[in-house]
Amino acid sequence: MGTLLEIESLTKTYRVKKGFFSRKEVRALRDVSLKIYEGEILCLVGESGSGKSTLGKIILRLEKPTEGKVLFRGKDIFQMGKEYTRKVSVVFQDPRTSLNPRMKVKEIIEEPLIVHREKERKRKVLEALKSVSLTEEVLEKRPLQLSGGQAQRVAIARAIVLNPELIVADEPTASLDLSVQEEVLKLFKELNEKGISFLFITHDIRVVEKIADRVAVLYGGVLMELGRKEEVLKNPLNPYTRFLLDSVPARHPKERKEDMRVSEEEYTIPEEGCPFYPRCPEALEECRKTLRRSEIDGRVVACNLY
């Protein structure tokens, strides 16, 4: 598989208010590097506030990085024009807020075609609708007249109507019922089989199990581990990945593990060294100041234990 999108040493820093007259810098991403390959589903997983959505926003050009580059087929995405939005699309978490409630479904799906001055728009709208298993009956409806599953399918139809090569899906099943989640995940797999690559952002490990080819684990803005789904989930190398897997709710009471979570009041994410240091049961003294990145059997691990 060829490289579709490459992220090189990406850092994103925000200046936030600290009191009335001063500001402080907060790093949402810290020297992140990874690749998304043609035809794959890369799941980006981590707790809330880990930097997942910030990375997605940069890839979508909704934010600019403080340092580093994002390359699409070798080109800097911030040097590309409107053609980039043809190649890279997005599905947001909640279709109720991402779809314009005043527009009909046919107008929502057609909008990207109008922006890019596409011809045969009616045919392409119907093809996109068919691809997400919706009938023409919904075309005259508005988002509030649809079920949650139907609304998310409309959002996906809008995302694929220009035949993109990559879709950034930011928690696209989080607002859906479990039964509807299964249907939407199946749809993503079908679209992937047709050649669309995905960056699938989620905090739900169970979703990762069902859909991912590779998994990238993010915490405190740092890429902690990256590898094949089977390797990362069955044999996690980074203590944070193990912590994340141990935090998944057990399917049966007998499978419950000791709760190792620490309240937010008990720790802060350090600005240097390992971001997981305050919570890590295997932390070394050197973890306060440094963080070593290693490649082990094709897997990337940021941890001083290796």
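**Helix packing and a cavity**

A: Helix 4 passes helix 6 in a right-handed crossing. Please keep in mind that this is a predicted model.

Q: How do the axes of helix 4 and helix 6 lie, and at what angle do they cross?
A: The axes of helix 4, residues 105–115, and helix 6 come within 7 Å of each other and cross at roughly 25°. Angles under 35 degrees count as roughly parallel, so helix 4 is roughly parallel to helix 6.

Q: Which residues make that contact?
A: Helix 4 contributes V105, I108, I109 and P112, while helix 6 contributes V154, A157 and R158.

Q: And how do they divide by type, nonpolar, polar or charged?
A: In the contact of helix 4 with helix 6, six residues are nonpolar, none is polar and one is charged.

Q: What about helix 4 and helix 5, at what angle do they pack?
A: Helix 4 and helix 5, the latter spanning residues 121–131, pack at an angle of about 120°, and their axes are 10 Å apart. Because of that angle, helix 4 is oblique to helix 5.

Q: Is that crossing left-handed or right-handed?
A: The crossing of helix 4 with helix 5 is right-handed.

Q: Which residues meet there?
A: On the helix 4 side they are K106, I109, E110, L113 and I114, and on the helix 5 side R121, K124, V125, A128 and L129. By type, the contact of helix 4 with helix 5 has six nonpolar residues, no polar ones and four charged ones.

Q: Back to helix 6: how does it pack with helix 7?
A: Helix 6 covers residues 148–160 and helix 7 covers residues 178–193; they pack at about 15°, with axes 10 Å apart. The two helices are therefore roughly parallel to each other, and their crossing is right-handed.

Q: Which residues are in contact there?
A: From helix 6, G149, R153, I156 and I160 meet V180, E183, V184, L187, F188 and L191 of helix 7. These residues of the contact divide into seven nonpolar, one polar and two charged.

Q: Changing topic: how many cavities of 30 Å³ or more are there?
A: A search of the whole structure finds one cavity of 30 Å³ or more. The volume of the largest cavity is about 90 Å³.

Q: What lines the largest cavity?
A: Its lining consists of 13 residues, and P239, C274, C280, C287 and C303 are those nearest the centre of the cavity. Sorted by type, the lining holds ten nonpolar residues, two polar and one charged.

Notes:
Residues are numbered from 1 along each chain as its sequence is written. This is a predicted model: local features need pLDDT of at least 70, side-chain atom pairs count only at pLDDT 80 or more; totals for chains, interfaces and linings use all residues. Side-chain values use heavy atoms; hydrogens and water are left out. Axes are lines fitted to C-alpha atoms, for helices over the stretch in contact, and angles run from 0 to 180 degrees between N-to-C directions. Helices (H or I, at least four residues) and strands (E, at least two) are DSSP runs, numbered from the N terminus. Angles under 35 degrees count as roughly parallel, over 145 as roughly antiparallel, 65 to 115 as roughly perpendicular and the rest as oblique. A crossing is left-handed if the near helix is turned anticlockwise from the far one by less than a right angle, and right-handed if clockwise. Contact means heavy atoms within 4.5 Å. Ala, Val, Leu, Ile, Met, Phe, Trp, Tyr, Cys and Pro count as nonpolar, Asp, Glu, Lys and Arg as charged, and the others, Gly among them, as polar. On a 1 Å grid over the protein atoms alone, a cavity is a set of points where a 1.4 Å probe fits but cannot get out, and a pocket is an open set with protein on both sides within 12 Å along at least five of seven lines; lining residues have an atom within 4 Å of a point. Grid points are joined across faces, edges and corners, and a volume is the space filled by probe spheres set on the points.
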